Amino acid sequence: MKKLIIPTLLLLLNLLMAQAQEVMVSEARFCKGDDPAYQKAGFDDSSWQVLSLEKDWVQQGVRNPDSYAWYRIHVVIPSSLKKGSTDLVLLDLGPIDDTDETWLNGHFVGKSGSNPDDPEGYVSKWNTPRRYLVDPKTVRWDKENVIAVRVYNGGDPGGFFERPVRIGKPAVNDFVSLSLTGEKDACRLVLKAAVKTSGIVEMKVTNPLTAESGLAQMRPVRLSPKQETVLSWPVEEQQLVSVTYRDEKYGGVLSASYAAPYILTPPAPVTPRYNGPLVFGVRPGSPIIFRLAFSGERPMKYAVEGLPDGVSLDPSKGVLSGSVAEKGDYPLVLVATNAHGEARQAFTLKVGDKIALTPPMGWNSWNCWGLSVSQEKVMSSAAALINRGLADYGYSYINVDDAWEAEERAADGSIVCNEKFPDMKGLGDWLHANGLKLGIYSSPGDRTCGGYLGTLGHEQQDAETWNAWGVDYLKYDWCGYSKVFNAQADRSTAAYVRPYLKMQEYLRQQPRDIFYSLCQYGMANVWTWGHAVDANSWRTTGDITDTWQSLYNIGFERQTKLYPYAGPGHWNDPDMLVVGKVGWSDHLRDSRLTPDEQYTHITLWSLLAANMLIGCDIAQIDDFTFNLLCNNEVNAVNQDILGIQAHRDSDQDGIQIWSRPLADGCIAIGIFNLNEDPVPVNLTEALARMHLIAPPTVRDLWRQEDIPATTYVIPSHGVRFIKLCPCL
Ligand code: GLA
């Protein structure tokens with residue numbers, strides 16, 4: 001009997017293999033270390049250990065931080081994969097922590113990320129699924145093949161971690177790429193194919209205020225590996241263009257949409273206009289670094305009336321410096337003059353225990369450059385902050401995020417910069433001379449999130465070093481501290497507070513004001529104790545990214561109960577802005593948020609009294625992004641001196657209304673449409689939901705005009721941001 005069963009099973013297996021559309025492999029041979037011989041098909045790996053491809057190597061008892069290791073996957077690839085598809089074979093390896101180079105039977109297939117010894121330096125791609133197409137000539141059909149994968153792992157864990165490797169037929173998005181981008185008044189579709197194929201492109205244009213579609217087009221296209229196919233259509237402001245490509249030869253559909261930006265902020269007048277905060281807090285004796293934020297035609301001359309002793313003004317740059325020993329409120333008048341006129345602004349310099357009396361405004365390197373940040377890139381955004389006029393709207397912090405740290409501390413234990421930051425002190429000096437401030441990043445753990453050196457055990461020394469460099473802002477990121485935390489049994493709030501309290505002590509010993517930004521993603525309800533460690537802000541959530549889902553979860557869902565905890569000197573931080581060109585790497589792209597989602601983002605952050613840290617490359621800022629970041633009436637809500645964070649007053653049928661009272665007796669109100677379709681909203685009725693009686697007109701903050709309290713269509717994921725002044 002047995003004799004019959006086995007051959008029958010084998011036959012069945014072969015039949016199944018002959019039909020198979022894909023093969024899955026969940027184990028591989030594994031070896032730490034590095035040797036080019038491992039890529040060869042015939043290499044004998046029989047002595048290597050076997051690891052699962054569905055769990056990282058730490059979970060399987062392997063420690064191998066900051067090093068190379070190899071996987072060799074043995075797999076029979078059935079010839080059935082050749083049928084009914086392109087010739088190409090897909091190696092779907094899933095994500096790999098952190099970089100990989102892959103060979104099939106000794107033939108190089110592809111690479112993701114970049115290794116520390118590569119010319120461009122280390123770039124992790126831990127979260128990127130690898131989908132490599134291979135030439136069918138390199139496949140051994142119906143025989144054993146070897147996929148050799150060289151992995152570099154920065155920090156821990158490491159390697160394959162998510163799912164089995166799949167060898168199959170490519171999907172349409174593997175052999176055709178479609179990109180849809182906007183250019184001035186047009187929208188441009190680029191199709192590129194890895195094989196010869198053909199299909200149909202369909203395009204339609206939708207009006208976001210009526211949801212009506214017009215101008216539908218259909219075009220057959222022939223694609224060949226050597227040429228790009230480019231189609232373009234005229235597009236008007238705010239229109240939504242949707243495109244699909246249907247592959248006729250191999251099947252599958254690709255789609256993309258593009259919403260044309262539209263600018264609401266009126267251009268600034270040529271006359272001087274003050275756009276900055278109305279107060280500035282500094283501790284007695286601490287250096288004052290403050291740049292007067294006036295827009296208007298240059299050249300401009302500045303003056304300040306009422307300056308206390310010890311403070312001086314650079315009249316051509318408009319930069320205040322010096323210090324004041326005596327606590328107190330110093331009323332000043334800020335004056336700016338140009339060829340077209342003069343502007344005067346009452347202002348209070350508050351010398352006391354509190355700093356950050358309004359939320360910090362500035363830039364941080366993370367959302368654009370990620371770990372590829374360098375001093376040159378930071379300088380380029382800093383210079384653009386001034387040259388492109390963003391400093392005229394109160395943006396003043398230039399914050400270097402992770403990846404500035406050298407691999408090792410100096411012999412005396414002090415932290416040093418890596419070769420990408422040749423002169424951090426010089427950077428600080430330049431910023432201060434221009435009235436801007438320097439921010440830095442570290443972790444209370446031994447490692448940062450990016451795997452760089454952390455501060456653990458060097459708290460005092462690091463605080464002193466940062467003071468010597470002129471650091472004005474510290475983002476202190478939990479990350480590597482989880483190792484210390486996990487090694488102890490204590491899960492009390494005190495255990496979460498401890499590392500932050502420790503650093504606070506040393507920061508306060510420095511003879512300068514250092515904004516203290518806690519980054520621990522909201523653990524242990526940080527908003528309830530952040531002020532007790534003297535924090536000026538605390539991250540309330542995990543990392544933001546440039547998708548509506550992320551914006552919705554972080555901005556709307558996670559903030560509803562946090563308004564009681566914000567106030568002058570200490571702010572809830574829902575993470576940095578994701579408008580403009582972002583990318584968390586050397587490869588920047590336009591934010592994937594639609595223009596309406598970006599208006600929603602900035603409106604919400606203004607209402608939430610959130611840190612306004614620009615996450616894009618300022619040197620590449622376009623007019624639309626400038627319009628988002630530099631609307632003085634919108635920013636005035638964020639910087640309002642009462643510092644009261646908005647409350648969600650109404651949530652009905654996907655329309656959310658958030659409001660905050662302002663120091664001038666008015667109320668700022670955001671009416672958000674979270675639906676997938678445009679919705680007409682009557683302002684009088686919306687205000688009635690908040691028990692408010694609408695005056696005949698309200699202020700539209702984005703458009704900077706008074707509008708009747710009638711009905712307006714709010715586009716999908718868009719907003720009307722208004723100011724209501726009942727008593728005026
Ligand atoms: C964490 C933080 C990010 C950024 C990175 C740097 O993910 O939340 O904002 O600082 O670390 O590695």
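Predicted model: local features only at pLDDT ≥ 70, side-chain atom pairs only at ≥ 80, totals over all residues.
This short talk walks through a few strands, salt bridges and one surface patch in the structure above.

Hi everyone, and thanks for coming.

Let's start with strand β32, residues 515-519. Is it enclosed or open to solvent? 5 of its 5 residues are buried, so the rest of the structure largely encloses this strand. Phe515, Ser517 and Cys519 point one way from β32, while Tyr516 and Leu518 point the other way, and all of them are buried.

Who are its partners? With strand β31, residues 471-477, β32 pairs in the parallel sense over 5 bridges, and there phenylalanine 515 is the bridge partner of tyrosine 473. Strand β33, residues 537-539, also runs parallel to β32, joined by 2 bridges; leucine 518 stands opposite tryptophan 538 of β33.

Staying close to those elements in the sequence, let me turn to charges. Arginine 512 forms a salt bridge with aspartate 472, with the closest N and O atoms 2.6 Å apart. Arginine 512 sits in the loop between α8 (493-508) and β32, and aspartate 472 in strand β31, so to speak a link across 40 residues. Both ends count as buried: arginine 512 has 11% relative accessibility, and aspartate 472 has 4%.

A second pair is aspartate 462 with arginine 409, at 2.9 Å from N to O. Aspartate 462 lies in helix α6 (residues 459-469) and arginine 409 in the loop between β29 (397-399) and α5 (424-433), so this pair ties together parts 53 residues apart in sequence. Aspartate 462 is buried at 0% relative accessibility, and arginine 409 is buried at 17%.

Now for a contrast in setting. Aspartate 353 and lysine 327 meet in a salt bridge at 3.2 Å, N to O, and they are 26 residues apart, each in a loop. Here aspartate 353 is partly exposed, at 48%, and so is lysine 327, at 49%.

In total, the model has 40 salt bridges. Some join up: Glu22, Asp92, Arg131, Glu162, Arg163, Arg166 and Asp174 are linked in a network.

Which residues gather in a patch of negative charge on the surface? They are Asp66, Glu407, Glu408 and Glu419. Aspartate 66 belongs to the loop between β3 (49-52) and β4 (67-76) and is partly exposed, at 39%.

Last stop: an open, antiparallel sheet of 3 strands in the order β21-β25-β24. β21 (290-291) and β24 (311-314) stand at the edges with a single partner each, so one side of each has no neighbour in the sheet.

Definitions and conventions. Residues numbered from 1 in each chain as written. Heavy atoms only, no water. Patch = residues over 30% accessible without salt bridge, like charges linked within 9 Å, V, L, I, M, F, W, Y side chains within 5 Å. Areas by Shrake-Rupley, 256 points an atom, 1.4 Å probe, with all protein chains shown as cover. Salt bridge = Lys/Arg side-chain N within 4 Å of Asp/Glu carboxyl O. Lys, Arg positive; Asp, Glu negative; His and termini not counted. Charge placed at Lys NZ, Arg CZ, Asp CG, Glu CD. Helix = DSSP H or I, 4+ residues; strand = E, 2+ residues; numbered from the N terminus. Buried < 20%, exposed > 50% of the residue type's maximum accessible area, 1.4 Å probe, protein only. Pairing = 2+ DSSP bridges.
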